[in-house]
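Subject: Structure handover

Hello,

Here is the structure I said I would pass on. My notes follow below it.

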Amino acid sequence: MWACVAFVLLWIRSAGCTEKANMSKRIEYTAADFYERLLSGKMMFLYFEQQVSPTISLFLVELEKSAEALQDYGVLVGKVSCQKEPIQTYCAEAKQQHTAFLFRGGREFTSFSLDTVFDVNSIVAEVLFAILGDEVKYVHTDADLLAMEKAAKGKKDIVLSYVRSLGTEEHRALMETAYVYGSKYQFILITGGPVLKQLRVNESPQLSRVWFLHCRVHSTSLTPVTPVTSERCPLTQMRKALSTLNLHTFLQLLEAPLVSDVYVDPSSVPPPQSPYQLTPQVFLFSHPATVHLDLDTATTLAWRLRGLAMLLLVHRQSPAVKTPEKYNAAYRLPEKSSEVKYLTLHSLDDVLELFTKQEEEEEEEDHVDEEEDSHLGELDDEVAAAVHKNRGHFQDMDSVTQLTSDNFHAEVAQSSLTVALFYLKWDAVSMHFLSSFIEVAERLEDSQVDDVHMCVVDCGEWTDLCAAQPGSAVPFRPIAAFPSVLLIRPQQSAQHYRGMLTGEALHCFIMMSRMASPVPLSTEEEVTSFLQEAPHPDLATYRPDRILGLIRTASQPGLSVFTEAAKSLRGEVLTGLLTDGLVEKWAAEYAADPPAVLLFPSWRNPTVRPSLLLVDSSSKELLARIYSALLPPVVCGYLSVLPLQDLFLYNRLAFKGQKTVFVGTALQKQT
Amino acid sequence: MEPNLLCFILSTLFGFALTSFNQHLHNGTRHYNYCVLGAGPAGLQMGFFLSKANRDYIILERNSGPGSFFNKYPRHRKLISINKIHTGRWNREFNLRHDWNSLLSDNPDLLFRKVSGEFYPPADAFPLYLSTFVRELGLKVQYGVDVGRVRSVQSAAGRSYVLTDQHAADYSCSVLLVATGLWVPQEVEFAGSDLVEGYESISTNPDDYKGQAVLILGKGNSAFETTQSILGRASRVHMLSSSPVRLAWQTHYVGDLRAVNNELLDTYQLKSLDGLVEAHLEDIVIAKQEERGRRRSGGKKGETRAKLYLGLQKFRQAGDERNASDVSPEELPGHHIDNFPLRRPYDRVIRCLGFRFNFSIFDSSARPPHSHNAKGRLPGVTAWYEGKNTPGLFLLGTASHSRDYRGSAGGFVHGFRYTARAVHRLLEHRYHGNPWPSTRLMTTQLTSWILKRVGEASGPYQMFEVLGDVILLQGSHCEYIEEFLLQALPRFASLSGHEVSSHGLIVVVMQYGKKKIDYLGRGRAETDWTKAWKSNFLHPVLYYYDSLPTEQDMKMRPHGWPLPRPKAIHHMVEDFLTEWDGPLSHIQPLRRFLEHCIQTDLRAFSAETCFRSALTHRRSPLSCQQGYLNQRGVQRYGQLTRGVYEAGLVPAEQVSAGTSTGASPAFPNYLAPAGASVSSGLKLDL
């Protein structure tokens with residue numbers, strides 16, 4: 001086991017190490033490389049490594065990641081090790097340790113403090129920002145913005161954005177978009193404050209936002225919404241969160257025609273194609289008589305829905321349009337089944353509400369999720385949560401008998417073996433196990449096992465039965481742990497079931513318990529059958545541990561010790577007791593000196609010689625030795641081969657106590 | 001170990017000394033370890049515990065049967081203690097919450113319902129029940145012994161009490177349990193108090209009050225009971241006492257006016273000639289005057305009845321040595337205040353002021369002091385009901401009510417049956433070395449066990465804020481001690497014989513909210529568990545202390561609190577059905593509180609989760625240690641909610657281990673995601 005785990009872990013570790021080495025080699029450059037590329041005028045973002053501290057090594061990891069990202073923008077990312085390649089200009093001063101440099105056109109273009117370029121997002125954002133230079137402008141006041149708008153009017157549309165803080169993913173998304181669309185739109189970054197106020201954003205905390213200013217086309221010709229006198233460009237706000245993909249989709253959407261004409265029924269209009277696939281479609285209907293009016297309405301609405309949805313005008317004169325006259329609008333949402341929904345509108349605001357509301361709802365939903373995440377209204381106990389989730393389903397208790405203080409004695413006297421589950425309704429483990437218990441009862445019923453009486457006791461109700469004081473008539477001590485399963489036989493003290501709380505384990509235990517313990521064996525046939533046959537057809541796949549007692553006469557002192565131990569083992573282990581004649585034969589065969597015990601653990605091939613134990617003075621000691629002898633050596637592969645429950649059922653003790661810690665620490669030490 | 005052994009030896013010697021004396025007659029003196037004075041409900045209750053423990057005891061009773069008080073009282077023969085038979089539950093402990101008359105015993109059938117099925121049973125049923133109790137349990141009661149003198153004797157064997165009966169026979173007792181109840185009518189001295197009839201002797205025939213104006217002194221249940229019976233005959237009934245009427249359903253105190261008796265409130269407020277008045281009884285004067293006007297006109301009858309006038313001390317002319325009945329009209333308040341409410345004369349004045357403890361039989365060497373509360377009517381006792389200054393003399397039953405006067409139910413059968421049990425447990429420890437019974441629990445079972453107790457326990461429910469369960473935390477196990485006397489908590493170790501470990505203790509108490517609210521108004525119930533501390537109705541409260549509070553702490557506790565300020569407190573939100581078993585509202589908050597107190601994860605985990613944690617953590621959660629790793633794992637059940645385990649806790653034991661469960665071929669795939677999440681963020685060094 002040790003060796004096996006160690007090997008696996010070492011293998012992973014070494015694999016990890018080589019991979020890491022490769023990575024760091026990929027971005028490492030020599031002085032010669034550096035000078036060569038510098039002369040070629042390529043853009044380079046370089047770090048000169050002098051000493052490696054934990055912060056620096058974290059930075060290097062990020063640097064590696066950004067190499068790939070910046071490759072797409074033609075920027076070479078790398079590091080030069082000063083120890084190996086002492087480049088005088090950049091390796092001399094200590095403060096250069098905290099600086100990364102951008103080279104462009106054969107010279108140092110700019111430098112960044114490591115405080116500003118700390119992760120892949122900030123590296124990409126800052127480097128692109130530096131490269132884009134004038135293409136992305138900073139605007140601090142509304143007056144500046146107005147000037148920009150005037151300058152752009154009729155030429156370029158403006159993408160105005162506010163980023164909550166620099167070096168974030170949002171900043172990076174904006175810079176990446178600016179790099180792509182920089183020539184098409186004027187990108188402006190605002191720093192918050194007065195400009196935000198002008199844009200009527202007064203929420204706090206302020207989120208990163210993007211607006212699209214329609215400056216290129218003359219506004220008056222487009223929309224009746226914007227006052228004609230306005231000097232400002234009409235603007236559309238991006239409603240989705242700022243990310244590269246969303247921003248890209250948004251810009252694409254604004255490029256799309258404002259209103260498209262269709263001559264087929266909305267249901268046969270295909271859902272929008274990429275890049276608009278996430279955009280809802282809104283259909284308005286046009287009559288030949290009012291076609292101009294309808295177009296105006298559509299345009300007005302389209303303006304208000306810009307960036308939110310695409311507007312399609314369906315011309316009713318086409319015979320393909322099947323929509324009933326009572327509807328004047330329809331829409332199709334992305335994702336959620338591409339079905340078209342029809343409705344009758346009374347005002348344009350209704351449509352707008354439809355989409356804005358939905359958004360809010362989604363936001364609200366998110367909000368609810370967050371609350372649940374804070375674990376206020378949710379059960380954090382997996383068993384309790386599962387039981388709680390299932391609370392609507394009432395247990396069908398027909399297959400079990402409910403024991404009460406009144407009927408207890410009568411019920412127990414009825415059958416040779418009563419299996420009683422003591423439970424509390426509010427104890428999740430109890431309720432969880434109750435359903436398994438009922439399943440076992442049903443299973444026993446189905447397989448016609450009628451000598452086992454399955455009972456349950458609700459200890460929340462029959463408190464005096466469960467807490468019956470010692471000395472009273474019940475054959476058990478007060479129950480103080482729930483759930484508890486007791487095996488009760490008339491005129492005997494009850495036996496506690498101490499196995500796994502699963503139906504499978506309990507069923508197995510009950511079936512095994514039906515066998516006498518020990519089984520008296522008087523002939524060789526009986527012994528063979530005891531050692532080789534399954535105790536019950538239901539247990540055919542299960543291989544129990546077996547032990548045989550070799551005790552000469554009924555008067556030998558070991559007998560009571562052995563029978564006592566056999567009683568405790570009932571249900572877990574099959575025990576047999578050889579009678580007089582056979583004892584000598586078996587003792588001779590295995591060189592045993594009775595009283596002795598032969599063990600046939602389930603994990604060992606039955607043909608192999610059994611292990612031998614001498615009978616101790618006390619059954620307690622004997623039990624302990626039997627348990628440890630039945631323990632299998634832990635074999636590598638168990639973990640993957642056996643399903644968990646079986647693992648724990650078959651190798652009862654393998655993980656008990658320190659063994660578990662042992663396995664656990666074996667793993668811990670190797671990592 | 002040493003003190004325990006010493007204690008054992010001492011108690012054995014003591015017991016030996018006692019038994020050797022026992023049953024021997026020295027100069028006509030009988031010796032008993034335990035003498036119980038009075039065969040009322042409290043005396044018999046104690047008798048049961050003593051008999052169960054096979055102690056040498058005797059119950060002495062001056063009358064010929066048990067519970068003789070109830071042969072006479074209540075005068076109108078209806079008990080107002082609830083005898084609720086139909087609770088819809090089989091739980092016998094729970095049912096005792098709604099059975100105010102039964103005594104505790106091991107016989108589940110020996111309940112009051114055996115003698116009466118009525119909700120408010122007839123008073124005659126109670127002595128009948130008590131004699132059944134004596135008979136079925138074979139309690140040793142000696143009737144006809146009227147103890148007239150109790151004195152304490154100091155001897156080499158220790159202090160003992162000697163009781164002398166009417167035949168001058170002596171009973172010597174090592175421990176004296178006084179359960180004589182309250183039966184001496186409480187009286188107040190004022191001018192003309194001899195003109196007043198007492199509750200104990202009034203006629204209970206309503207016809208005797210036909211057309212009469214009646215003034216009743218007192219506003220308790222006996223006063224209202226009397227009022228109720230004559231309401232249909234009397235011309236007007238006025239009730240007078242110093243304090244305004246207190247309604248039991250508002251004060252939660254069963255000794256205050258019960259709704260079953262409050263018809264007069266109706267007739268008063270529905271303008272029907274009856275009424276309530278407040279005045280100090282010491283200040284009043286009752287004066288008898290012949291009604292002169294009537295005498296002439298009513299000459300036919302030949303017999304006239306004198307009228308009783310209510311006066312006030314301040315209008316009496318000073319230095320007057322006349323008979324109280326001779327009051328001149330000028331001395332009546334009506335002469336001075338023309339709208340004096342009680343200016344009209346009465347035909348009868350009845351005193352219904354309750355009863356007081358009979359201190360007179362106690363010699364000064366054995367007399368407990370008067371209580372500070374209850375107008376000194378009750379004996380003062382310690383938190384464990386031992387008379388102050390009288391070691392070995394305990395007070396039981398109604399007489400012990402000074403501890404929770406006007407608070408809990410210690411003066412009533414359904415309360416003092418539990419305090420008697422507590423006293424008995426204390427005796428068992430003090431004199432016989434048996435520690436208080438306790439239940440040893442695995443800490444993982446603690447939540448369930450507390451829920452069981454708050455869901456059914458009748459002792460802390462009836463004796464709210466007086467009795468509470470004490471949980472001694474001991475790491476993976478704990479000791480659960482039921483129904484300890486909260487006020488005696490500083491002496492817990494010496495009284496109970498259990499030691500408090502460094503893990504501290506939790507006390508489970510039932511209590512009402514402290515805010516005075518409109519008890520029938522809107523918003524009276526708190527349903528949000530996050531605001532459980534605002535609960536108004538009876539609800540469980542858990543106090544966590546890291547060490548036992550001291551006497552000083554107890555003295556300095558916030559006003560109205562049953563216990564000193566704890567290290568942590570948890571209110572379980574009040575529940576309309578008094579069933580505190582909601583998974584979200586009750587169980588989870590409770591579990592989190594316990595986790596906070598014992599700094600351990602108490603959640604239950606499935607076998608899979610336990611397995612994962614066993615591989616990735618040095619120490620598994622407690623439920624895995626006591627369950628799964630003990631081969632008692634729980635099967636994963638359908639779709640157990642994922643991510644629950646990731647919710648946190650046990651971070652202290654997080655060890656960077658098993659970091660590669662996802663990648664290692666040695667692990668089955670289904671372990672990978674979960675394993676990774678348990679140890680997420682630990683992959684840095686690969």
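Are Cys459(A) and Cys466(A) buried or exposed? Cys459(A) is buried, and Cys466(A) is too. Keep in mind that this is a predicted model.

**Disulfides**

There are five disulfides over all chains. As a reminder, a disulfide is a covalent bond between the sulfur atoms of two cysteines.

Cys459(A) and Cys466(A) are joined by one of them, with 2.0 Å from S to S. The torsion about their S-S bond is about -90 degrees, so this disulfide is left-handed.

Cys82(A) pairs with Cys91(A), and the sulfur atoms lie 1.9 Å apart. This link is also left-handed, at -80 degrees about the S-S bond. Cys82(A) and Cys91(A) are both buried.

In chain B, Cys35(B) is bonded to Cys173(B), with sulfur atoms 2.0 Å apart. The S-S torsion is -85 degrees, a left-handed link. This pair connects distant parts of the chain. Cys35(B) sits in strand E1 (residues 29-37) and Cys173(B) in strand E6 (residues 170-178), 138 residues apart. Cys35(B) has 0% relative accessibility, so it counts as buried. Cys173(B) is buried as well, with a relative accessible area of 0%.

Counting the bonded cysteines of chain B in sequence order, the pairing runs 1-2, 3-4.

**Helix H3 of chain A**

Glu62(A) is in helix H3 (residues 54-71) of chain A. Why does Glu62(A) count as buried? Its relative accessibility is 17%, and the cut-off for buried is under 20%. Leaving out residues up to four places away in sequence, Glu62(A) touches Phe118(A), Asp119(A), Val120(A) and Ile123(A). Other residues of H3(A) are buried too, including Ile56(A), Phe59(A), Leu63(A) and Leu70(A).

H3(A) has a kink of about 25 degrees, centred on Lys65(A). Its 18 residues should span 26 Å at 1.5 Å a residue, and the end C-alpha atoms are 26 Å apart, which agrees.

**Nonpolar cores**

The largest nonpolar core has 114 residues. Among those with the most contacts inside it are Leu44(B), Val150(B) and Leu489(B). Helix H11 (residues 413-432) of chain B gives the most to this core, with eight residues. Apart from this core lies another, of 68 residues, among them Ala384(A), Ala385(A), Ile438(A) and Leu582(A).

Beyond its neighbours within four places in sequence, Val150(B) has contacts that include Leu37(B), Tyr161(B), Leu176(B), Ile361(B) and Phe362(B).

Best wishes

Notes
Residues are numbered from 1 along each chain as its sequence is written. Chains are lettered from A and ligands numbered from 1 in the order in which they are written. This is a predicted model: local features need pLDDT of at least 70, side-chain atom pairs count only at pLDDT 80 or more; totals for chains, interfaces and linings use all residues. Side-chain values use heavy atoms; hydrogens and water are left out. A nonpolar core is a set of buried Ala, Val, Leu, Ile, Met, Phe, Trp, Tyr and Cys residues joined through side-chain atoms within 4.5 Å. Buried means under 20% relative accessible area, exposed over 50%, partly exposed in between (1.4 Å probe, protein chains only). Helices (H or I, at least four residues) and strands (E, at least two) are DSSP runs, numbered from the N terminus. Contact means heavy atoms within 4.5 Å. The expected span of a helix is 1.5 Å times one less than its number of residues. The bend at a residue is the angle between axes fitted to the seven residues ending there and the seven starting there. A disulfide is a pair of cysteine sulfur atoms within 2.5 Å.
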